[in-house]
Amino acid sequence: MTRRSFLLAFSALGAPIVAGSASARQRGASPKVAADGRVLVLRSIGGIPPEIVGNFRDPLAFQQAASGQFFVFDRQGHTVYGIDREMSGSWPVVRIGGEAGRILEPTAFALAPNGTFVVADRPGALERIQVFGSGGALLGGFTLPGRAVATVTLGGVVFNGIGSLQYGGRSVFLSQPESGALVAEYALNGAVQRTFGVPRATGHEADRDLHCALNTGLPLLNPRGGFYFVFQGGRPLFRKLDDAGNVVFERHIEGPEIDAVINNLPTTWPRRKVAGVDRELPMVRPVVRAAAVDRLGRLWIVFASVPYLHVYDVNGEKVRVVQLQATGVLTPTGLFFAPDGHLLVTPGCYIFDPRPA
């Protein structure tokens, strides 16, 4: 299987991202509906204390295992941190390094409920996925076929190679449209167990790099079974898939919050030269930045350039537009639903109660 040969560029525009964190002891903040009755504002009910968050250079994932232990993936720090349930302190679980059992130039992180986790990184010319126990012990890993091109970032976010992944405890799910399918499922020994999901028509099938870029997205495990796949570039839409990877339904993502974004979608895309590739590649600026599925099977979608989230029910109907606030309005870079149902958000490592939504 060849590695991807296109670029998905993340927008650095939109509402400011707020640094720092509310106190873990902050409680009682209640959500409210905006004056127009359309947007539900959720206010942080807590989070990792500022004196701990301040030690992280670039927290891109804030997640919690069933045991109660929290994990923070600090991409620029090349480190995964553990944090106790009471949030009284943090410690490095996986440290920087190119050798097995350490991480170098990491790009993505995912946690299973049992506390094991995976990290994608790039030691040298290879893209690697490693599996760790909750204490940081190396349990296994594999490298992806092909040579990795230079890592390209914008606004601190990786936008080529493995920018996101899902981990169910037994296998890893990657967006790999260059395989001819939307999703590739890897066993923990690196064997491709299956590929699934039919790529959408783009009108650019003759340009393989651009066609693949417009079919890149976020594969998401649904706690109620099956998957969601959220396309990140081009006209925004998502699909709900069953366990076999067959389409249950497809929905376009629309709303006044993103009308201007959709109305200004490009029809041509600039190309740029990237180290390790013998041709220029298209730069596709995504509309969707992150997404997650809650315990009810509802899909939450974060946009790249506007500070709003859409919430869709199990039938694919939009049921809420949400804005997150802590010390200011947040534009999340990552979402995760904890075992107790709370929503964990980066940057800032805040906690929200999503039940009013």
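Q: How many aromatic pairs does the count come to?
A: The count comes to 14 aromatic pairs. Rings of Phe, Tyr and Trp (its six-membered ring) pair if their centres lie within 6.5 Å, with planes under 30 degrees apart counted as stacked, over 60 as edge-to-face and the rest as tilted.

Q: What are the ground rules for the model?
A: The model is predicted, so local features need pLDDT of at least 70 and side-chain atom pairs count only at pLDDT 80 or more, while totals for chains, interfaces and linings use all residues. Residues are numbered from 1 along each chain as its sequence is written, and side-chain values use heavy atoms, with hydrogens and water left out.

Q: Which residues do ring pairs link into a cluster?
A: The cluster consists of Phe71, Phe73, Phe109, Phe117 and Phe132.

Q: Which residue lies over the face of Phe249?
A: That is Arg251, at 4.3 Å from the ring centre. A charge sits over a ring if NZ of Lys or CZ of Arg is within 6 Å of the ring centre and within 35 degrees of the ring normal.

Q: Turning to sheets, what is the order of the open sheet that contains S9?
A: The order is S9-S10-S11-S12, with antiparallel pairing. Strands are DSSP runs (E, at least two residues) numbered from the N terminus, and two of them pair if DSSP finds at least two bridges between them.

Q: Which are the edge strands there?
A: Strand S9 (108–111) and strand S12 (138–143) each pair on one side only. The twist averages 15° from one strand to the next, where axes are lines fitted to C-alpha atoms and angles run from 0 to 180 degrees between N-to-C directions.

Q: How many bridges join S10 to S11?
A: Five bridges join S10 (residues 117–121) to S11 (residues 128–132), and the two run antiparallel. Ala120 has Ile129 of S11 as its bridge partner.

Q: And the sheet with S4, what is its order?
A: It is an open sheet of four strands, S4-S31-S30-S29, with antiparallel pairing. Strand S4 (46–47) and strand S29 (334–337) stand at the edges with a single partner strand each, so one side of each is left without a neighbour in the sheet. Two bridges pair S4 with S31 (residues 350–352), and Gly47 has Tyr350 as its bridge partner.

Q: Why is S19 largely enclosed?
A: Four of the five residues of S19 (residues 217–221) are buried, so the rest of the structure largely encloses this strand. Buried means under 20% relative accessible area (1.4 Å probe, protein chains only).

Q: What does S19 form with S20?
A: S19 and S20 form a hairpin with five residues between them, and Gly225 in the turn has a positive phi of about 105°. Gly217 stands opposite Phe231 in S20.

Terms used:
Buried < 20%, exposed > 50% of the residue type's maximum accessible area, 1.4 Å probe, protein only.
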